[in-house]
Amino acid sequence: MYVRDAKNREEVWLLDHIEAMGLDETAFRSRDYVVAVDEASGEKAGFGRIRIHKTDGAASANADSDRAGGRADDVCELTSIGVLEGWREQGVGAHVVERIVEYAGDEGFDTVYALTGEGAYLAQFGFERVEESELPAVLRDRLEDKRDGVDPDAVPLTIDVDRFRMPDRLREAFKRAPEGREDVSNDESAEDFGIDTESATYKYDTGR
C-alpha cells in the first residue's frame, strides 16, 4: 500500500466517491488530491485533498493556487479525506493525512488547517482546536460555507507540520493492508476513464 498524486484520468472516480461519501467538492481539481493504492492489486483505497488558498487581493476571484509558487501568506487546508468501504480500519486515511501534511511542508508551509467535524480523528495526529477568530479570513468564510453545506459540525483545527505524529497501530495496520483481499482484480474499469458503461457516454468520511 502506498499514497501517490492523483492522475488526471481519475477525476470521475474521485468525484463519484466524493459525492457518495458526502464530502466537499468545492473548486474541485484532481491535481490537488492524493490517492492510496494497493501496490499488489492496483486497487484504489482512499484519497484526500491539499487545498491552497491564496490570500492576496489580486487573486480573490480565484482563491486557489498551485502547490508550488505560492505567496508566503497563502493558507494550506487539508480536506475531503475519504476511505472506501472494505479498506477502513487499516490505516489508509491516516497515511493519506500524513502525505498531505508532508506535501504542505515540501511547499514551504509551516501550518496545515482543517475544518471538519472529525476533530477526534485528526487529534490523534497532533491536530488541535483553534479559535475561529484566529483563522485567516479566507478560512473563516470557508468554515461558514462548510457548516451551511456538507459538514454542519465543522470546527477549525491546526497542526504545525513538524509536530505531526503517526500512531504506531496505524503504521502497522497500513503495512499489513490489505487483509483478506487476496482475490482483488487489478484491472482498471471503464469508469476509471470517465465512461458511463450503461449509456456509453462520457460523463471527510474518514473510515474510522
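Trainee: Why is Gly46 called buried?

Mentor: The word buried means under 20% relative accessible area, exposed means over 50%, and partly exposed is in between (1.4 Å probe, protein chains only). Gly46 comes out at 0%, so it falls under the 20% limit and counts as buried. Keep in mind that this is a predicted model: local features need pLDDT of at least 70, side-chain atom pairs count only at pLDDT 80 or more, and totals for chains, interfaces and linings use all residues. Residues are numbered from 1 along each chain as its sequence is written, and side-chain values use heavy atoms, with hydrogens and water left out.

Trainee: How many helices and strands does the chain have, and what share of the residues is buried?

Mentor: There are 5 helices and 9 strands, in the order β-α-β-β-β-α-β-α-β-α-β-α-β-β from the N terminus. Of 208 residues, 50% count as buried. The chain exposes about 10500 Å², with carbon and sulfur atoms supplying 41% of that; the areas come from Shrake-Rupley with a 1.4 Å probe, and for residues only the protein chains shown count as cover.

Trainee: What makes Glu10 and Lys44 a salt bridge?

Mentor: The rule asks for a side-chain nitrogen of Lys or Arg within 4 Å of a carboxyl oxygen of Asp or Glu. Glu10 and Lys44 have an N to O distance of 3.8 Å, so the pair passes. Glu10 lies in the loop between β1 (2-5) and α1 (11-21) and Lys44 in strand β3 (residues 44-53), so the bridge ties together parts that are 34 residues apart in sequence. Both partners count as buried: Glu10 has 1% relative accessible area and Lys44 has 9%. Arg4 joins Glu10 and Lys44 in a network of salt bridges.

Trainee: What is the general idea behind such pairs?

Mentor: Side chains of opposite charge can pair when their charged atoms come close. This structure holds 11 salt bridges.

Trainee: What makes Asp74 and Lys54 another one of them?

Mentor: Their N to O distance is 3.8 Å, so they are within the 4 Å limit. Asp74 and Lys54 both lie in the loop between β3 and β4 (75-83), so the pair ties together parts that are 20 residues apart in sequence. Asp74 and Lys54 are both buried.

Trainee: What makes Asp110, Glu128, Asp160 and Asp162 a negative patch?

Mentor: Asp and Glu count as negative and Lys and Arg as positive, with His and the chain ends not counted. Patch residues have over 30% relative accessible area and no salt bridge, and like charges are joined within 9 Å (nonpolar side chains, namely Val, Leu, Ile, Met, Phe, Trp and Tyr, within 5 Å). Each charge is placed at NZ of Lys, CZ of Arg, CG of Asp or CD of Glu. The four residues are listed as one such patch, and Glu128 is found in strand β6 (residues 128-129).

Trainee: How do you know which residues of helix α5 share a side?

Mentor: Leu170, Ala173 and Phe174 are buried in α5 (residues 168-176). They cover an arc of only 100° around the axis, so they are on the same side of α5; the arc is that of the directions from the helix axis to the C-beta atoms. Asp168 and Lys175 are exposed on the other side.

Trainee: Is Arg176 buried, partly exposed or exposed?

Mentor: Arg176, also in α5, has 46%, so it sits between the 20% and 50% limits and is partly exposed.

Technical notes. Helices (H or I, at least four residues) and strands (E, at least two) are DSSP runs, numbered from the N terminus.
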